Amino acid sequence: MFAIINLDDERSLDRMEWTDDGQLLAITSTKGNLYVYLTSLPMLAATQQTRIAHLTSLLEVTIEDNIQQPGPDTEQPATISVDVEPSYLGLGPYHLAVGMNNRAWFYLLGDNVHHGYSGGLEQLKDREYLGTVHSIKLNADYAAAHFEDKIQLHMHLSVIKNQIEGETSGTTDERESKLFPDKDVNQTHITCHDMTQEFLIFGTDNGGLYYFYIEDWQYVNEFRHSYGVRKLFPDPSGTRLVFIDEKKDGYVYNPVNDLLVEVPDFSPYIKGVLWEMWALDRGVFIAYDEEKIYTYMYSKEHVMGTRCDLVGTTKLPYGQIPIMLHNGEVTLQTQSGKLVTIALDTHSYLFIDTIEGKTTKEERASLNSCLDQCIALKRWKDGWIFCQQLNAKEYWLKLGYASFKCLDIDFAIRVFREQGDVGMVASLMQIRHLEDRNLLSGYLAMYLGEFNLAQDLFLASSKPLSALEMRRDLLHWDSALQLAKALAPEQIPYISKEYAQQLEFTGDYMTALAHYEKGITRQEIDKDHDEVCAAGVARMSIRMGDIRRGVGMASKMPSRVLKKECASILESMKQWQEAALLYEQGGFYDKAASVYIRSKNWTKVGELLHHITSPKIHIQYAKAKEADGRYKEAAEAYKQAKDWDNVIRINLEFLQNPEEAVKIVREVQSVEGAKMVARFFQKLNDYGSAIQFLVMSKCNDEAFQLAQQHNQMEIYADIIGPDATPEDYQSIALFFENEKNHFLSGKFFLLSGQFNRAMKHFLRCDGENSQAIELAIETVGRANDDQLTHELVNFLMGDTDGVPKDAKYLFRLYMALKQWREAGRTAIIIAREEQSAGNYRNAHDVLFSMYQELKQQKIKIPTEMANNLMILHSYILVKIHVKRGDHLKGARMLIRVANNISKFPSHIVPILTSTVIECHRAGLKNSSFSYAAMLMRPEYRNQIDLKYKKKIESIVRKPDKTEEEEPCTPCPYCGFQLAETELLCPECKGNIPYCIITGRHLVKEDMSACPSCDFPAIFSEYIRLMETEENCPMCSEKVIKQNLQKVSDTHKYLNPEEGITE
Ligand SMILES: [Zn+2]
Ligand SMILES: [Zn+2]
């Protein structure tokens, strides 16, 4: 349905008829009226920028501009009535041409157009041409009419008039008119033309494209296309032009650099092309056929070079023709003579309502397609807004790279800076100033990873070396080498070296060798470089099988590393001889030896042996020597490798040197070695030694079995010592139990911690076996078990076998049980018994050891015990001093003993007799008399030894009471002078400790102590005693004179009870 017409005044229609061309429709009504309708106007229009002249009825042309901004100067549509129906229109800045056949009428637009004054257009003189005009183009000063194959270019009459009225110039006449083709462009047929302000542009049927520069009145540009040019469409500036050739292909031509770009996907039915009139959108044009409008973007600058891209298509409404494009909107002429506009689908983003708040997936997808439109149209700033809304890195990168590819570096920098991509910003900042577009594009292509393109661009630029630099940086040595050959031959050696190293790494040794050889410069300055190359040549020669050359070079060169590398290669090639040689030359002795070993060159290994540190090599050598039967060398090599087990083995098995083996086993405590030695002794039937080494090798079970088999259990038991496990001890105990050896069985049960069983065996031992009783006591002490204690006490008391055992065992038992008080009491009893029996030394020793024990346990020593010990010790001292001939000291001690004579009941008379005799000898006449008188008592008199009887009787009969007073020394507590042997200070009532040498009380300034028992003594007297005696009179231990020291800290000796518990 095209249109519906209502005839308001008519009730019904009568007839209707079309004209043959279908343009006019005639209708008659029943009322008798005739109506003629124009159904479709010829679609005739001309444009100048955004201003459009078009046919609005058969005899009316309207000029309008719908793009201009509204304002006081707004141009209103103007209409012009014409006398004939025009077949072509032309519109210039100031003129309208309306024409038919070979005639054209010109109108001056002037200011009245701007004021909407219609009908007042000044009609100028009409003009006739030499043929029927197809089209006419105007600029401000000229008109160009195309008729037949020619163009008539002529100046507007109004311009001529102005020039005549103003200054006339001599050139005016010849510039009034010109016919093309002229003599310069002969024998061609002009097929199309257009005019810009500066140029008349026309195409010809033989492919010519001519730019005639009107100001200079001459051609400035000619281009020859392979096919005839059919149509052409320059942009308003004339610097870009789309033309369609005979083959219906479209091209964009740039007259500035003659660059021709084919328009892609160009429809063969294209009727026309319109350039974007919006000033900011240079490069966009549309082409249209009957169905679609194709939007293209022509990019003069692009990293891939000048290009033209199809952006998209828009459906064209039926029967309408695009006549003007402005900012994505196309003005269409309709068949009814009206103008309508449609928006291009490729520009649809311009017409959406809002982008704010679009967050759903679909909305974001549509924002993304808007961003794609902006990018396709190179409208970066609009793209920025969408990126801000989308707010994700991928979109920013898309925008950044797109602007970057179009060489819009400043904008790309803004985007990458927004994204914080410092590296990219820095890279772009470095090249933004480059004016050489090829160089700039080269860098951009490099950043995009398009290295081949970058290379081409660099090579086409003013700095072709950049291509070489790029390849070097990329380690593309092959390409770099190619470039260096052309651009910088002096770099070839260095690149060759790098390339060779890469080839060596990838295993292409043959090529690597060639490049290493090319790398050598033989320049003094390149010494290090040449060495690297030479080393490479050496390595590659070997790899390629030229071993003599490679080894020769490596030998001559000083580098140890090279020798090692080459040797390693040779080793992998099983070239042992050469590999070892190079290792040796490089000082890699371990490696060299290892290779010699592989090639079984033992002589060389032996020569290198003193350099070798690796135990592995020594072991290998040792094994080889052993296999050869050279055991001594083998043992030595094993020793170097510290492989002791093998040293032991060789010594035992081959060198018949068990002493060495045993020595090593003891030194290094080798378990395996001990086992071997044990086996060795076993073979010799030396079971004792074998057991010993088995124990050493921790083979206790084997040792036990061997001991059992060969009745060597006691040896085993001896050897196993304190380190054995309870299980070991138990095995031994069971063995002896079986043998009915109660003592040993008990001993090992005790060691294995089985106290009950141990006790059972000890109690079965012979009652006289003191060792068994001692161990039984130890058992009780460790077991801490009342039942066991009770059993042992019964045994000791004789309850078990009717034989009471020596009381000292009871004492020991209490000691083992740590029952110190009971032990003390027992000690006193034992001592008393000994004393009664006259065994004074025994009594003394029992009390002494008890005394020491209690002192060690910090337990108070019973006064009775201390006193008894003191008296017994005094008795001991008598013998010592009398023997030495010191009768005075002996006499003093005898006086002390005699005063306690009841404690010596078995020897009352002999002791008193000795006292009388010794006192007499020492000049203590009065004391001698007193004790002699005591002996005269009837109960003693008859017991006096006949030897002394007369003497004693005479002492009593003629009493001599002369006796010097005993010398005094100071009390160590209060300083009071008291008799030397007096132990109780009458002044301070202090009990003064006695000297173990003299029995006198201690003197503070002259004190010492026995190094063994720590009993105190008078220092000077101790020293004197040592002149004749060796042992301490108290503990009977040997005393070394030099160890005797005067003590300065006398406190602990004078206050023995401090820190002691009751
Ligand atoms: Zn005193
Ligand atoms: Zn002592």
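## Helix α4

In this predicted model, the buried residues of α4 are Y395, W396, L399, G400, A402, S403 and F404. An α-helix has 3.6 residues a turn, so residues three or four places apart point the same way. The buried residues of α4 pack against several other helices: α2, α3 (380-390), α5 (409-418), α6 (422-431) and α7 (437-447).

With 13 residues at 1.5 Å a residue, α4 should span 18 Å, and its end C-alpha atoms are 18 Å apart, which agrees. After α4 comes L407, which has a positive phi, near 65°.

Side chains of opposite charge can pair when their charged atoms come close. K398 and D372 form such a salt bridge, with the closest N and O atoms 2.8 Å apart. K398 belongs to helix α4 (residues 393-405) and D372 to helix α2 (residues 361-376), so the pair ties together parts that are 26 residues apart in sequence.

Are these two residues buried, partly exposed or exposed? D372 has a relative accessibility of 35% and counts as partly exposed. K398, at 29%, is also partly exposed.

D126 forms a salt bridge with R103, and the closest N and O atoms are 1.9 Å apart. D126 sits in the loop between β11 (122-123) and β12 (127-128), while R103 is in strand β10 (residues 103-108), so this pair ties together parts that are 23 residues apart in sequence. D126 is partly exposed, with a relative accessible area of 25%. R103 is partly exposed too, at 27% relative accessibility.

A further salt bridge joins K271 and E290, whose closest N and O atoms are 3.5 Å apart. This pair links distant parts of the chain, 19 residues apart: K271 is in the loop between β24 (259-262) and β25 (272-275), and E290 is in the loop between β26 (284-288) and β27 (292-299). K271 has a relative accessible area of 43% and is partly exposed. E290 has a relative accessible area of 57% and is exposed, the cut-off being over 50%.

## Salt bridges across the structure

How many salt bridges does a search of the whole structure find? The search finds 31. Salt bridges can also be linked in a network, as they are for D886, K889, E980, R1000, E1021 and R1024.

Methods:
Residues are numbered from 1 along each chain as its sequence is written. Chains are lettered from A and ligands numbered from 1 in the order in which they are written. This is a predicted model: local features need pLDDT of at least 70, side-chain atom pairs count only at pLDDT 80 or more; totals for chains, interfaces and linings use all residues. Side-chain values use heavy atoms; hydrogens and water are left out. A salt bridge is a side-chain nitrogen of Lys or Arg within 4 Å of a carboxyl oxygen of Asp or Glu. Helices (H or I, at least four residues) and strands (E, at least two) are DSSP runs, numbered from the N terminus. Buried means under 20% relative accessible area, exposed over 50%, partly exposed in between (1.4 Å probe, protein chains only). The expected span of a helix is 1.5 Å times one less than its number of residues. Contact means heavy atoms within 4.5 Å.
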